[in-house]
Amino acid sequence: MRSLGGALTLITPAATSPPRPAPPPPLLSCLGRQGSSAASLPFSGIWRLNSKGSISIARCKTISAMANTEDSLGSLKKQLAKLFEASLRVTVPTETDVEPLVAACTGNFGDYQCNNAMSLWPRIKGKGTEFRGPPAVGQALMKNIPSSEMIESCSVAGPGFVNVKLSKSWIAKSIQKMLTYGIGEWAPKLSVERAVVDFSSPNIAKEMHVGHLRSTIIGDSLARMLEFSKVEVLRRNHVGDWGTQFGMLIEHLFEKVPNWEDASETAIGDLQAFYKESKQRFDEDGVFKERAQKAVVKLQGGDPKYRKAWTQICDISRREFDRVYQRLGVTIEEKGESFYNPFIPGVLEKLGNLGLVEESQGARVIFLEGVNIPLIVVKSDGGYNYASTDMTALWYRLNEEKAEWIIYVTDVGQSQHFEMVFKAAKRAGWLPADNNSYPRANHVGFGLVLGEDGKRFRTRSTEVVRLADLLDEAKTRSKAALIERGKDKEFTEDEIEKTAEAIGYGAVKYADLKNNRLTNYTFNFDQMLSDKGNTAVYLLYAHARICSIIRKSGKDIEEVKKTAELSLDHPDERVLGLHLLQFAENVEEACTNLLPNVLCEYLYNLSENFTKFYSNCPVIGKPEEASRLLLCEATAVVMRQCFSLLGIVPIYKI
């Protein structure tokens with residue numbers, strides 16, 4: 001690890017597969033003003049003011065009236081941005097560098113809003129413009145929007161905010177397209193093709209503990225979202241498999257297990273205990289310490305015996321790590337510190353030839369503007385360190401693996417270290433000075449997992465909590481809850497076991513991911529396993545209930561998709577339909593800002609919107625049954641994709 005000091009049937013999560021430059025600054029919230037002179041018109045073309053000030057409709061011949069099929073799927077914000085971009089070119093043709101500022105509305109004035117008028121006004125006033133203030137600019141932007149079936153009406157409010165209400169028939173058609181072509185049609189379209197996500201990164205010979213939980217869960221979720229967005233993701237496990245600690249581990253192995261070459265994993269025993277034993281001897285036994293130090297030299301010098309012992313210790317650790325990853329449904333490829341070690345001299349030579357490396361107090365360092373300490377790349381004793389390895393890994397990922405986006409998922413305590421590594425890479429010309437350009441490197445920091453006492457989550461004996469034990473407890477509690485509900489009488493033992501795993505592991509993941517990763521959070525089994533509130537259990541049960549509604553209808557949902565037409569006549573149907581269409585932009589926001597909690601919030605709100613819809617819009621046996629079954633199915637499809645992106649296995653009945 002990088003360290004600078006319901007009764008349920010389930011399916012396996014969908015297979016898990018860098019984004020656009022940073023989004024524009026936060027947009028103003030939607031505004032409206034009673035009694036204002038805002039125009040509010042049905043949308044059917046391009047509005048223009050004639051000489052008498054009345055409104056006439058004209059068609060813009062240079063802009064296609066309808067988006068093609070590909071453009072009609074995916075992010076609503078992007079689709080609207082294309083329309084407003086065309087409007088901007090007509091409204092202010094001299095301001096060619098203006099990007100449309102489109103945001104979802106939270107008020108009652110529309111579904112989306114374009115907020116360009118206020119920022120445009122200072123740029124165009126005094127240039128002989130025909131406009132007399134931001135409201136007039138907003139009016140013109142509204143009138144110059146190309147015709148589109150996605151828009152029902154527009155209005156201008158306040159200082160030029162253009163509010164847009166989407167057509168409910170268009171929303172319905174878009175949902176039906178998704179049901180026909182698949183949820184993949186709503187995947188974000190990002191501007192990079194290959195990314196590295198560096199996450200988990202435990203230390204060899206140490207068991208994975210609760211400290212690895214956040215990096216593993218957050219990193220896996222980010223990788224899944226990028227893969228869903230058709231980005232090739234290199235999932236990298238930068239394990240701590242090289243360094244001075246291996247001298248003591250190898251010497252302790254030689255003494256404890258004389259026939260170590262043929263010894264099994266059982267003979268070595270608990271690796272965590274093995275590590276502690278060797279560390280205690282290293283600290284207390286001077287003779288052992290000297291042998292351990294010599295062993296490091298032999299290992300790094302390539303001595304076959306020591307390399308073989310090192311390989312055996314690493315292999316035992318890997319098997320333990322893999323068992324945890326399998327339980328979590330995480331796939332990851334190891335490229336640890338030892339992998340990059342042979343490349344370090346060449347990379348340091350390149351940095352030296354660029355004049356970046358300087359001598360300082362016997363060490364070789366890189367001085368960085370704005371940082372009061374240098375980045376040490378070679379220690380005073382001539383040894384390499386984390387900076388040596390991380391600079392080399394970054395070089396390798398950029399030059400050998402051709403990654404356009406490199407994402408490091410570690411705790412916030414390492415923020416300064418990575419900031420310095422990235423600054424050094426910019427000095428070397430490996431990364432652009434502009435943080436919004438590619439190739440790009442980002443550090444995804446996260447806070448601590450706390451216990452009920454507000455301190456680091458530990459056992460009663462003050463030991464760190466083993467990740468395997470934590471997962472065992474989550475599954476045990478989930479299984480007990482299922483049995484208490486009598487589900488052991490309805491399902492086979494295998495079904496109970498798999499369901500308990502889906503709920504228990506999903507609860508642990510969601511409790512972490514729903515928080516802003518930068519904050520600490522308190523680990524509480526009772527809260528995360530509750531079936532009420534914003535928990536994985538509540539969401540999994542909600543999905544299972546939707547599936548139950550479809551089953552109880554007795555209809556073949558695949559046939560319904562082919563024959564029925566979705567309509568959104570009830571207000572709650574429209575609210576749910578619009579929220580479904582906002583899936584793509586929420587995934588894109590979570591990717592772009594590297595914040596999985598954005599997707600969690602979307603998923604929870606989707607469940608709440610469905611609950612309100614189902615409470616007010618009966619499904620089975622009603623005239624609207626077929627249409628509402630389609631809405632149920634669309635909700636279930638989107639929920640399942642959200643679960644997949646979060647690494648959670650859905651359940652299908654309760």
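How exposed is glutamate 261, given as a relative accessible area? Glutamate 261 has a relative accessible area of 47% and is therefore partly exposed, a class that lies between buried (under 20% relative accessible area) and exposed (over 50%), with a 1.4 Å probe and protein chains only.

## Basis of the model

The model is predicted, so local features need pLDDT of at least 70 and side-chain atom pairs count only at pLDDT 80 or more, while totals for chains, interfaces and linings use all residues. Residues are numbered from 1 along each chain as its sequence is written, and side-chain values use heavy atoms, with hydrogens and water left out.

Strands here are DSSP runs of E with at least two residues, helices are runs of H or I with at least four, and both are numbered from the N terminus; two strands pair if DSSP finds at least two bridges between them.

Strand β9 (residues 232–237) runs parallel to β10 and is joined to it by 2 bridges. Arginine 236 stands opposite glutamate 333 in β10. Glutamate 333 also forms a salt bridge with lysine 335, with 3.5 Å between the closest N and O atoms. Glutamate 333 is partly exposed at 40% relative accessibility, whereas lysine 335, at 11%, counts as buried.

## Salt bridges

Side chains of opposite charge can pair when their charged atoms come close. With a salt bridge taken as a side-chain nitrogen of Lys or Arg within 4 Å of a carboxyl oxygen of Asp or Glu, the count comes to 48 salt bridges. One of them joins lysine 308 to glutamate 261, their closest N and O atoms being 3.3 Å apart. Lysine 308 belongs to helix α10 (residues 304–328) and glutamate 261 to the loop between α6 (245–256) and α7 (265–268), so the pair ties together parts that are 47 residues apart in sequence. Lysine 308 is partly exposed, at 43% relative accessibility.

Another salt bridge, at 2.4 Å from N to O, brings together the side chains of glutamate 497 and lysine 479. This pair links distant parts of the chain, since glutamate 497 lies in helix α16 (residues 493–513) and lysine 479 in helix α15 (residues 467–484), 18 residues apart. Lysine 479 has a relative accessible area of 22% and is partly exposed. Elsewhere, salt bridges that share partners join Glu251, Glu255, Arg281, Asp285 and Arg291 into one network.
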